Amino acid sequence: MPDRLSEFEFIARYLAPLAGEGAYGLTDDAASIAPPAGQDLVLSTDMLSAGTHFFPDDPAGAIARKALRVNLSDLAAKGAKPLGFLLGLALPGDWSEPWLAAFCDGLRHDVGHFDVPLLGGDTVGTRGILTISITVLGLVPAGAMLRRTTAQAGDRIFVSGTIGDAALGLKARLDPAAGWLAALAADERAFLLERYLLPRPRLALAEGARRHARAGMDVSDGFVGDLRKMLAGAGVGATVALDKVPLSQAASAAVAAAPDLFETALTGGDDYELLLAIPAGEAEAFRAAARAADIAVTEVGTVTADPVIHFVAADGADRAFARGSYLHF
């Protein structure tokens, strides 16, 4: 077997250049951070494993960027500004230095793009599959973190971007010969695949969400199931107009070709869009903030005191969903 980098050589060569203030060049066992006066720390962790959250043959740089971005999406949903992140990396026995270099190149791109430096972490070998754990740290004004369980009756329900693209991209990846794909143009197929491979954390909308929303979370496990989680925590329900749920051109074409894919789009997950409860009196101000951030937002329903969610189709009938969201276990 050819000589390999040691753990310390890997850290010094590839990870130390990504380190931020307080990380001591990754030469110590911990980082230290002093939050600015009047700011709270916001922390969130997500783990991704090969074969579950990404394909083992996905480009290494894309895997790294997805792992970071799904965590940054949580910060956006809390109204937080990124401060830094910790990286845990469990490498199977077939790793190579070119793969590690590409992985770190992907991280380097997003470290710069989102201004979120590496603060530390750990690297280990494993007899299992590639597993990545990232913990992000963010900042919000003291006491201002946007909570998930605080929606109230009368609030308007908004989502950012479009729903279902990643779930359809995954379906396309798993079955590239599926008949419905033939109805899509090449650029539409590529769009769906890219949306699964590379999430778009809505950090530009974080401040607007914090200022104007009463409750919020990101849509990671499916719009239907995540809305249920958000409202159940507050003891409220909603009426949702399904024809208002925003679909991209590509997703609309897919659903037109195979109507059953509408349920996939609404329950499949990996959207990483923001799901927000906005007080009625703040709705226009929130729309203005979204326009300023150049992020599309759509009002899809209203929170109700009755703790039941009515998903209403265009014909006025209630629609039931067999599965609300992706299940981790």
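Because the model is predicted, local features need pLDDT of at least 70 and side-chain atom pairs count only at pLDDT 80 or more, while totals for chains, interfaces and linings use all residues. Residues are numbered from 1 along each chain as its sequence is written, and side-chain values use heavy atoms, with hydrogens and water left out.

User: At roughly what angle do the axes of helix 4 and helix 5 cross?

Analyst: Helices (H or I, at least four residues) and strands (E, at least two) are DSSP runs, numbered from the N terminus, and axes are lines fitted to C-alpha atoms, for helices over the stretch in contact, with angles running from 0 to 180 degrees between N-to-C directions. Angles under 35 degrees count as roughly parallel, over 145 as roughly antiparallel, 65 to 115 as roughly perpendicular and the rest as oblique, and helix 4 and helix 5 are therefore roughly perpendicular to each other. The axes of helix 4 (residues 165-174) and helix 5 (residues 186-197) come within 7 Å, and they cross at roughly 105 degrees.

User: How many residues of the contact of helix 4 with helix 5 are nonpolar?

Analyst: Contact means heavy atoms within 4.5 Å, and Asp-165, Ala-166, Leu-168, Gly-169, Leu-170, Ala-172 and Arg-173 in helix 4 meet Phe-191, Leu-192, Leu-193, Arg-195 and Tyr-196 in helix 5. Ala, Val, Leu, Ile, Met, Phe, Trp, Tyr, Cys and Pro count as nonpolar, Asp, Glu, Lys and Arg as charged, and the others, Gly among them, as polar. On that division the contact of helix 4 with helix 5 has 1 polar and 3 charged residues, and the nonpolar ones number 8.

User: Which residues of helix 8 make the contact with helix 5?

Analyst: The axes of helix 5 and helix 8 (residues 249-257) come within 9 Å and cross at roughly 105 degrees, so these two helices are roughly perpendicular to each other. From helix 5 the contact takes Glu-188, Phe-191 and Leu-192, and from helix 8 it takes Gln-249, Ala-250, Ala-251 and Ala-253.

User: What is the angle between the planes of Phe-10 and Tyr-14?

Analyst: Rings of Phe, Tyr and Trp (its six-membered ring) pair if their centres lie within 6.5 Å, and planes under 30 degrees apart count as stacked, over 60 as edge-to-face and the rest as tilted; the whole structure holds 5 such aromatic pairs. Phe-10 and Tyr-14 form a tilted pair, 6.1 Å centre to centre, with an angle between the planes of 45 degrees.

User: How many residues apart in sequence are the parts that the pair of Phe-158 and Phe-286 ties together?

Analyst: Phe-158 and Phe-286 form an edge-to-face aromatic pair, 5.3 Å centre to centre with 75 degrees between the planes, and both residues are buried (under 20% relative accessible area; exposed is over 50% and partly exposed in between, with a 1.4 Å probe and protein chains only). Phe-158 lies in strand 5 (residues 156-160) and Phe-286 in helix 10 (residues 283-293), so the parts tied together are apart in sequence by 128 residues.

User: With which side chain does the side chain of His-212 make a polar contact?

Analyst: His-212 has its place in helix 6 (residues 206-212) and counts as buried because its relative accessibility is 15%. Beyond its neighbours within four places in sequence, His-212 is in contact with residues including Ile-278, Phe-286 and Ala-289. A polar contact is a pair of N or O atoms within 3.5 Å, where within protein one must be able to donate a hydrogen and the other to accept it, and residues adjacent in sequence count only if both atoms are side-chain atoms. At 2.8 Å, the partner of the His-212 side chain is Glu-282.

User: What is the distance of the polar contact between the side chains of Asp-58 and Arg-173?

Analyst: Asp-58 is found in the loop between strand 1 (39-49) and helix 2 (60-77), and it is buried, with a relative accessible area of 5%. Not counting residues up to four places away in sequence, Asp-58 touches Ile-63, Arg-173 and Leu-197. The polar contact between the side chains of Asp-58 and Arg-173 has a distance of 2.7 Å.

User: How far apart in space are Leu-15 and Leu-118, C-alpha to C-alpha?

Analyst: Leu-15 belongs to helix 1 and is buried, with a relative accessible area of 5%. Leu-118 is among the residues that Leu-15 touches when those up to four places away in sequence are not counted. Although 103 residues separate Leu-15 and Leu-118 in sequence, their C-alpha to C-alpha separation in space is 7.8 Å.
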